[in-house]
Amino acid sequence: MKRVFLSLLLITVIGCQSKKVEKKTENIKEVQVKKVFPKLEKDRYNVAFLIMDGTFNTELTAPFDIFQHTIFRKNIKAMNVFTVANTDNPITTFEGMRILPDFNYLKDSLPKIDILVVPSAEHHLDSDLEDTAMIDFVKRVDKDATYITSHCDGAFVLAKAGVLKGKVSTTFPSDIDKMRATFPNLDIRKKVLFVHDGKYITSAGGAKSFEAALYLCEFLYGKEVAKSLAGGLVIDWNVDNVPHLIVE
């Protein structure tokens, strides 16, 4: 009888504990983490990098490095650099790097974007061109931006958005024929590593993304600042040694 009584007592205690745990669980409220936006300093260019799953590392990090280092140069209008995407969740680059976007262009209140950078991504030749929200975002930014830049196949996004109409551009060397076929009315050049036409700078991408970014800095700040930025990244910079086209 004692054994039976102890067994019943254990069952009762365990049952009560389970109910208490369940009751506590029901009272736990979902905690929402408040999004923290980057601090944007006044009197700087706001430079937005459009990122998404499949973005290629170099086309993102090369100009990001160059532009971010402007904050360490004196007597210039430096750059606030930040990322924008269509999500609050981390995006995964083509090479596997996970990046948490600073702004969600679908729902956040965005600062005025002075310079938009469109790095290449894995699907810029196909499915990304059907992303109407992303293409519309580029169109909106283009209306007020001072400069729009692309690297590698990011030029396809600019072309799809219609902002390269009447402009000269370039893209990744082996994709130039594809871009010409996709956008037959555009003037797309070979044998150059970047093209500057109006407020648009398009580049071949890859490691040459450094050079297109340095060119924009030289255009904005002068040769000495550009050389200083290049030196900080151990780049031997001379724009005259880079095949390029500036459309007057």
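This is a predicted model: local features need pLDDT of at least 70, side-chain atom pairs count only at pLDDT 80 or more; totals for chains, interfaces and linings use all residues.
Local features need pLDDT of at least 70 and side-chain atom pairs count only at pLDDT 80 or more, while totals for chains, interfaces and linings use all residues. Residues are numbered from 1 along each chain as its sequence is written, and side-chain values use heavy atoms, without hydrogens and water.

A nonpolar core is a set of buried Ala, Val, Leu, Ile, Met, Phe, Trp, Tyr and Cys residues joined through side-chain atoms within 4.5 Å. Buried means under 20% relative accessible area, exposed over 50%, and partly exposed in between (1.4 Å probe, protein chains only). The largest core has 33 residues, and Leu-50, Leu-116, Phe-137, Val-138 and Met-179 have the most contacts inside it. Among the elements giving two or more residues to this core are β1 (45-50), β6 (115-118) and α3 (132-144); helices (H or I, at least four residues) and strands (E, at least two) are DSSP runs, numbered from the N terminus. Apart from this core lies another, of 31 residues, including Leu-60 and Ala-226.

In α3, Met-134, Ile-135, Phe-137, Val-138, Val-141 and Asp-142 are buried. These residues lie on the same side of α3 because they cover an arc of only 155° around the axis, taken from the directions from the helix axis to the C-beta atoms. Thr-132, Lys-143 and Asp-144 are exposed on the other side. Val-138 touches Leu-50, Leu-116, Val-157, Leu-158 and Ala-161 (heavy atoms within 4.5 Å), not counting residues up to four places away in sequence.

The structure holds 0 disulfides, a disulfide being a pair of cysteine sulfur atoms within 2.5 Å.

| Residue | Relative accessible area |
|---|---|
| Cys-152 | 7% |
| Cys-217 | 0% |
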